Amino acid sequence: RAAVVSAIGVLMLAEYASTPLPLWNAPLDPPEVYADIMRDRGDGPTTVLFEFPTSTATDPAYLYYSTFHWQSLINGYSGFFPPSYARLARSLDNFPDEPSMNAIKSHGVRYLVVHGEYLFGQRYETLIPQLDQRSDLALVSRRPWQLADKHAEISVYRVSYASAQ
């Protein structure tokens, strides 16, 4: 009888045990590219950033990083996703094609931040040369970034709205 009660007690402890969830470990310092953006923007007014890739997995990190620069984000995170967010995410399927760039620009984006640590396979390596060739983007910064077991690079571009002549 004592063994049964002990076994039930052990099972209850196992059932109600509280273990931490494996969440994102926020770095104490942000990527240096955000300081580069602040230097590039100078004393100008608050600017608008778009961080790529966008997803429910990456947007919380971008929101955290925004506490270091306090600029506006197109893809922040609140737990609520308005229809405009879903439309923007769908428009990025073939990024950086013209429709996706037009969708980003329609939000008044001044800086495009491309996070290599969140892109899979060779996506970053194939994407960056395409962005570097665009006449409506100017490279502001490209820096290495170490996050957990991922080592990658982050690139920042200033978006130009000048019409192509």
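Q: What should the 14 residues of α1 span, and what is the distance between its end C-alpha atoms?
A: They should span 20 Å at 1.5 Å a residue, and the end C-alpha atoms are 20 Å apart, so the two agree. The expected span is 1.5 Å times one less than the number of residues. Helices are DSSP runs of H or I with at least four residues, strands are E runs of at least two, and both are numbered from the N terminus.

Q: Where do these numbers come from?
A: This is a predicted model, where local features need pLDDT of at least 70 and side-chain atom pairs count only at pLDDT 80 or more, while totals for chains, interfaces and linings use all residues. Residues are numbered from 1 along each chain as its sequence is written, and side-chain values use heavy atoms, with hydrogens and water left out.

Q: How far is A14 from P96?
A: They are 50 Å apart in space, C-alpha to C-alpha, and 82 residues apart in sequence. P96 sits in the loop between α4 (83-91) and α5 (98-105), and a cis peptide bond with omega of about 15° joins F95 to P96.

Q: Which other peptide bond is cis?
A: The one from F52 to P53, with omega near 5°. P53 is in the loop between β1 (48-52) and α3.

Q: New topic: how many aromatic pairs are there?
A: Six. Rings of Phe, Tyr and Trp (its six-membered ring) pair if their centres lie within 6.5 Å; planes under 30 degrees apart are stacked, over 60 edge-to-face, and the rest tilted. Y34 and Y65 make a tilted pair, 5.5 Å centre to centre with 40° between the planes. That pair links distant parts of the chain, with Y34 in helix α2 (residues 33-41) and Y65 in helix α3 (residues 59-69), 31 residues apart.

Q: Are Y34 and Y65 buried or exposed?
A: Both are buried. They also belong to a cluster linked by ring pairs, together with Y64, F68 and W145.

Q: And what's up with W70's phi?
A: W70 has a positive phi of about 55° although it isn't a glycine. W70 lies in the loop between α3 and β2 (72-73), and counts as exposed because its relative accessibility is 64%.

Definitions and conventions. Buried < 20%, exposed > 50% of the residue type's maximum accessible area, 1.4 Å probe, protein only.
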